[in-house]
Amino acid sequence: MRLIFSSDRLKDVLWGPTTMNMLQRVAEFKGKQALYFQQSSEILTAMRNVAVIQSIESSNRIEKIVVTSKRLTDIVNGHVEPADRSESEIAGYRDVLKTIHGSSDHMPIISNIILQMHRYLLQYATGSGGKYKMSDNDITEELPTGEKIIRFKPVSAFETNEAMHNLVLGFRKRREEGIYPELLLVAIFVLDFLSIHPFSDGNGRMARLLTLLLLYQAGYEVGRYVSLEKCIEDTKDQYYAALQKSSVGWHEETNDVRPWVEYFLTTLIEAHRRFEQRMGGLDRTKGWKSRQVETVIQHLMGDFSLAELIDRCPGITGPTIRQVLDRMSKKGLIMAITKGRNARWRKIEQEEF
């Protein structure tokens with residue numbers, strides 16, 4: 001087994017116009033992002049706080065780790081300690097995400113950093129993170145009949161340490177050479193990481209965290225303001241399909257990386273689209289607070305209260321949020337299920353919000 005970074009396969013990949021056009025679109029946004037980030041700090045702060053909540057929620061929900069919206073918000077904000085395994089997983093993801101947001105420039109892509117991230121990810125749940133798998137871990141799929149089939153056989157436990165060492169060295173070498181667009185290198189790093197599947201638990205979440213880290217180091221900042229994890233959750237079927245297509249023949253070094261790379265770039269383009277949509281244009285900020293509250297409500301799971309909305313909408317006052325609740329209630333989009341000081345609300349299912 002030789003990883004694509006430690007071979008000459010990259011130069012033989014025919015990327016085609018679709019991939020090159022997507023790379024150009026993402027590069028154009030990167031050129032504009034400094035202009036966007038000079039705009040209203042109030043808007044950007046609100047977007048950043050919502051993105052953190054959504055990233056933690058979506059990345060864990062992809063792995064079927066679910067907690068209520070209120071508990072999630074309280075854990076993310078450090079108001080409560082985790083009370084069970086799911087909440088412990090949430091708290092671990094929170095800590096790693098916070099570290100990446102604050103220290104990405106000081107986190108070189110080396111094995112020790114990856115192991116440290118994994119240790120923090122599982123510190124509240126099992127305390128057994130920070131080391132590569134000790135036994136083989138096949139990736140399985142459960143059929144509608146209940147039968148489980150092996151979808152992919154990752155690198156064996158015996159080979160994992162060497163595989164990760166080669167992945168990190170190969171990536172760093174190709175990045176320093178500067179021959180290939182860094183976005184391609186990031187996408188392929190994530191694909192190979194998932195194919196190695198180096199940990200007994202947390203591989204998917206680690207892949208998404210490493211994606212953010214590598215993108216920030218490459219100068220792509222959109223993940224701070226729009227949740228990439230949410231974009232992935234919204235296209236989960238395509239995520240798994242692209243991963244499956246690009247993993248066929250991985251051990252034999254005949255796999256086609258292009259389906260995964262195109263999915264990766266499509267996700268970034270969608271994140272940029274959401275960013276620009278939520279910014280509402282550089283000269284049209286009127287009404288952004290109401291739109292932000294509506295966006296937060298749209299993505300909440302289960303019932304919610306005014307206090308939860310205030311937590312998720314920093315910079316937006318209670319009276320403004322109440323106005324939005326009243327307007328949405330009159331439109332039949334939400335309903336009050338309890339009233340009074342601790343009133344709670346529920347979304348009414350709509351085909352389109």
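Reader: What makes α10 roughly antiparallel to α11?

Author: Helix α10 (residues 236–247) packs against helix α11 (residues 258–279) at about 150°, and their axes are 7 Å apart. Axes here are lines fitted to C-alpha atoms over the stretch in contact, with angles running from 0 to 180 degrees between N-to-C directions. Under 35 degrees is roughly parallel, over 145 roughly antiparallel, 65 to 115 roughly perpendicular and the rest oblique, so α10 is roughly antiparallel to α11. By the way, this is a predicted model, where local features need pLDDT of at least 70, side-chain atom pairs count only at pLDDT 80 or more, and totals for chains, interfaces and linings use all residues. Residues are numbered from 1 along each chain as its sequence is written, and side-chain values use heavy atoms, leaving out hydrogens and water.

Reader: Which residues of α10 and α11 make the contact?

Author: With contact meaning heavy atoms within 4.5 Å, α10 brings Gln 238, Tyr 239, Ala 242, Leu 243, Lys 245 and Ser 246, while α11 brings Arg 258, Pro 259, Trp 260 and Tyr 263.

Reader: Why is His 197 called buried?

Author: Buried means under 20% relative accessible area, exposed over 50%, and partly exposed in between (1.4 Å probe, protein chains only). His 197 comes in at 17%, so it's buried. You'll find His 197 in the loop between α7 (182–196) and α8 (203–217).

Reader: And is Lys 64 buried or exposed?

Author: Its relative accessibility is 72%, so Lys 64 counts as exposed. Lys 64 also has a positive phi of about 65° despite not being a glycine.

Terms used. Helices (H or I, at least four residues) and strands (E, at least two) are DSSP runs, numbered from the N terminus.
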